[in-house]
Amino acid sequence: MRKSEAKQLIKQAYAAWDAEEWQRAADLYERVLAHYPDEKPSAEWWYDAALGHKFLRNWEKAYELGVQAAARAPRGEGDPAYWNLGIAATIRRDWTTARDAWSGFGFELPDGEGEINGRFGAACVRLDTDGEREVVWMERLCPTRGRVVNVPVTGGRRYGEIVVHDGEPKGERVVNGTTYPVFDELLLFEPSDLPTLSVTVAAAERTDLESLLALFTDHDFGAEPASSVQTYCACCSEGTIHKEQGVHGGTQRVCLAAPEDEARRLLDRWAGETAVGRSWSGLEVMDQAAMKPT
C-alpha cells in the first residue's frame, strides 16, 4: 500500500469516526495498520481502532487491538489506551494483562496474581437491562469492576452481582458533601444467587427498622426500605441522596436480598427480639432467576 493511499484511508476513517460508524472506522484503520503499524501517528490509529470495537462491544477485537495500542503508549501517565485494554482484559478474565494495563495507566494494585479484589471506593453504576435503566451503588473491586450493594428494583438484577463499568463518569451523586461518580454498566460480569424479596414490616421505632437492616447486612444479605431504594437509585434525581431516607418507624415495605428460608428465619428472629412493636407479613419473591452474564 502506498502512503498516498494510506492517507486517503485514514481520512475516510476520520470521517467514519465522526459519523459514529465504528465498524467502518475500525476496518479502515486496520487496513492501514497492516502496512504501517509503527508510523508516528500509528499509536492513535491503534487506539481508535480498539476504541471503536469497545463501542461495538466486540471485546475480542478490543483486546487484540488494545494490546497494540498500549504497547505504543507511555506508562504511568494515565494514557487511556491502558484503560481500554484493562477493561477488555478484565472481560476476558486475562488477569495478567489486566494487572499490567492498570499498572501502565498508573494505578497501584493489591499485591498478588490473578483476579483483582481490592478496595477502590464507593461509586454508582447505571445498570442497563434491555433499555431499562437504574442507578445503584457499588463497591469497586478494581478500576472497572464493582459489586452492587443496593437491592435493585429492575427485574432480573440482584444485590451482590458484579458488573463491569465504563471508565468515564456520566454523572455524579453527592452524599453528605462527598461527590461520587456515576458510571455506565458495560456488562454483567458475575450474577448473584440472592433472590429479591419484598416484605411488609411493622416497626414501632426507627431503631427497630435499623436493627432489621443491620441483621440482614451482618449475614451478608441485603435489606432496604422500598422508599429508600427509590430515592437511593433514582437515575435522574439531582442534589443530595441520603441513604437513610425511608428509614422510620411504622408499617412499610422492605426489599430484601436473601434465600427465602433465611429471610423468614431472620425476620422471625428480629420480630422475637422485643415484646411489642415488631412484626412482618406478606413475604414475596420478586424475581425467579438471576440474569445470565453477557
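These are my notebook entries on a predicted model of one protein chain.

**Whole chain.** I began with the overall make-up. The chain has 294 residues, and 48% of them count as buried. I looked up the secondary structure next and found nine helices and ten strands. For the surface, I noted that the chain exposes about 14,200 Å², with 47% of that coming from carbon and sulfur atoms. I then checked how far apart in sequence the contacting residues lie. Taking contacts between residues at least 6 apart in sequence, I found that 60% join residues at least 24 apart.

**Helix α4.** I turned to helix α4, which covers residues 59-71. I listed the buried residues of α4 as W59, K61, A62, Y63, L65, G66, A69 and A70.

**Strand β9.** I then followed strand β9, residues 250-257, to its partners. Strand β7 (residues 196-203) pairs with β9 in the antiparallel sense over eight bridges. Within this part of the model I picked out A202, whose bridge partner in β9 is T251. Strand β8 (residues 222-225) also runs antiparallel to β9, and four bridges join them. I looked up E224 as well, and its bridge partner in β9 is C255.

Conventions: Residues numbered from 1 in each chain as written. Predicted model: local features only at pLDDT ≥ 70, side-chain atom pairs only at ≥ 80, totals over all residues. Heavy atoms only, no water. Pairing = 2+ DSSP bridges. Helix = DSSP H or I, 4+ residues; strand = E, 2+ residues; numbered from the N terminus. Buried < 20%, exposed > 50% of the residue type's maximum accessible area, 1.4 Å probe, protein only. Contact = heavy atoms within 4.5 Å. Areas by Shrake-Rupley, 256 points an atom, 1.4 Å probe, with all protein chains shown as cover. Expected span 1.5 Å × (residues − 1).
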